[in-house]
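Here is a short report on strand pairing, helix packing and aromatic contacts. Keep the structure open while reading.

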Amino acid sequence: MEYARIRKEESEMNLTQEDLERMGLTRKGKWQYTVADIEALPEEVRVELIDGELFIMEAPEFDHQDILMGLSFQIELYIQRKKGKCRVVPAPFGVYIKKDIHNYVMPDISLICDEGKLERKGCKGAPDLVIEIVSPSSRKMDYIRKLALYQESGVREYWIVDPKSEQVTIYGLEHGDMPVQRSFSERIKVGVYDDLYLDLANLHGTLDEVLTEEREDAIQQGIQQGLAALIYSLKAVLPDFDAVCKAVTQNEIYKDISRDEIARHYGSKH
């Protein structure tokens with residue numbers, strides 16, 4: 001996410017000194033602001049609060065949003081397919097990360113598996129997974145300040161996605177794992193799940209691939225069911241296993257079926 005500290009670069013946010021004074025955003029340093037200050041701001045002013053220090057969030061660029069939407073979609077698709085209870089929420093979404101008055105962030109992507117943390121205003125407590133998409137102005141924030149904040153707050157896993165280097169840095173905070181780097185060209189495993197892999201090289205082709213995979217699974221399931229029924233029928237009329245194998249492989253659909261596969265349905269190992 002793009003950032004502009006309130007003590008500099010205010011003009012990039014199209015906020016004048018008068019605007020800052022009117023909204024009470026001229027205080028400098030830590031412990032100067034609380035969540036109440038943030039909640040009193042106009043909705044269009046997006047800010048984060050770390051140890052009472054305020055950071056104004058700039059409008060993200062297209063590449064940032066493209067990655068955000070693609071990864072959010074892949075995670076949501078996985079949750080729906082698995083009938084999971086976790087919720088994936090892209091920015092803007094408020095996280096009261098330490099449940100105190102001095103820390104409030106808007107991660108690019110939050111995965112929350114404890115529904116009790118979700119309230120109308122946002123998430124009260126640490127998400128299970130946080131993904132931040134780094135930009136030139138957010139590098140120090142994402143790699144240093146937010147890393148420390150998420151580690152202290154109980155985030156289980158933290159990803160920093162860097163579009164410039166096409167690298168993802170993954171921090172397994174739950175177990176104190178050493179950070180690892182993965183390339184955009186890889187399918188990258190999400191640690192909080194057993195079998196979720198995210199594909200940054202193919203952000204928007206996932207749905208077609210999943211549907212194709214499901215169709216192939218359904219076809220294979222049908223073939224297996226048909227094979228079991230065929231073997232059951234042949235056992236009733238043929239004298240032994242070898243005769244059943246010969247009859248099965250004469251069928252065009254099952255010509256490449258192995259003896260071991262036939263034996264599995266036949267009921268004994270040969």
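This is a predicted model. Start with an open sheet of three strands, ordered β5-β8-β7, with mixed pairing. Strand β8 covers residues 122-124 and runs antiparallel to β7, with two bridges between them. Within that pairing, L118 has C123 of β8 as its bridge partner.

**Around β6**

Strand β6 spans residues 109-112 and is covered on both faces. I109 and L111 are buried on one side. S110 and I112 are buried on the other.

β6 pairs with strand β4 and with strand β9. The table sets out the two pairings.

| Pairing | Partner strand | Sense | Bridges | Residue pair |
|---|---|---|---|---|
| β4 with β6 | β4 (residues 87-90) | antiparallel | four | V88 and L111 |
| β6 with β9 | β9 (residues 129-133) | antiparallel | three | S110 and V130 |

L111 is the bridge partner of V88, and S110 stands opposite V130 in β9.

**Helices α6 and α7**

How do the axes of α6 and α7 cross, and at roughly what angle? Helix α6 covers residues 241-249 and helix α7 covers residues 259-266. Their axes come within 10 Å and cross at roughly 115 degrees. The crossing is right-handed.

Which residues meet there? From α6 come F241, D242, V244, C245, V248 and T249. From α7 come R259, I262, A263 and Y266. By class, the contact has seven nonpolar residues, one polar and two charged. D242 and R259 are the charged ones, and T249 is the polar one.

**Aromatic pairs**

The structure holds five aromatic pairs. One of them joins Y96 and Y104. Why does this pair count as edge-to-face? The ring centres lie 5.0 Å apart and the planes meet at 75 degrees, so the pair is edge-to-face. The cut-off for that class is over 60 degrees. Both Y96 and Y104 are buried.

Elsewhere, Y150, Y158 and Y171 form one aromatic cluster.

Technical notes. Residues are numbered from 1 along each chain as its sequence is written. This is a predicted model: local features need pLDDT of at least 70, side-chain atom pairs count only at pLDDT 80 or more; totals for chains, interfaces and linings use all residues. Side-chain values use heavy atoms; hydrogens and water are left out. Two strands pair if DSSP finds at least two bridges between them. Axes are lines fitted to C-alpha atoms, for helices over the stretch in contact, and angles run from 0 to 180 degrees between N-to-C directions. A crossing is left-handed if the near helix is turned anticlockwise from the far one by less than a right angle, and right-handed if clockwise. Contact means heavy atoms within 4.5 Å. Rings of Phe, Tyr and Trp (its six-membered ring) pair if their centres lie within 6.5 Å; planes under 30 degrees apart count as stacked, over 60 as edge-to-face and the rest as tilted. Buried means under 20% relative accessible area, exposed over 50%, partly exposed in between (1.4 Å probe, protein chains only).
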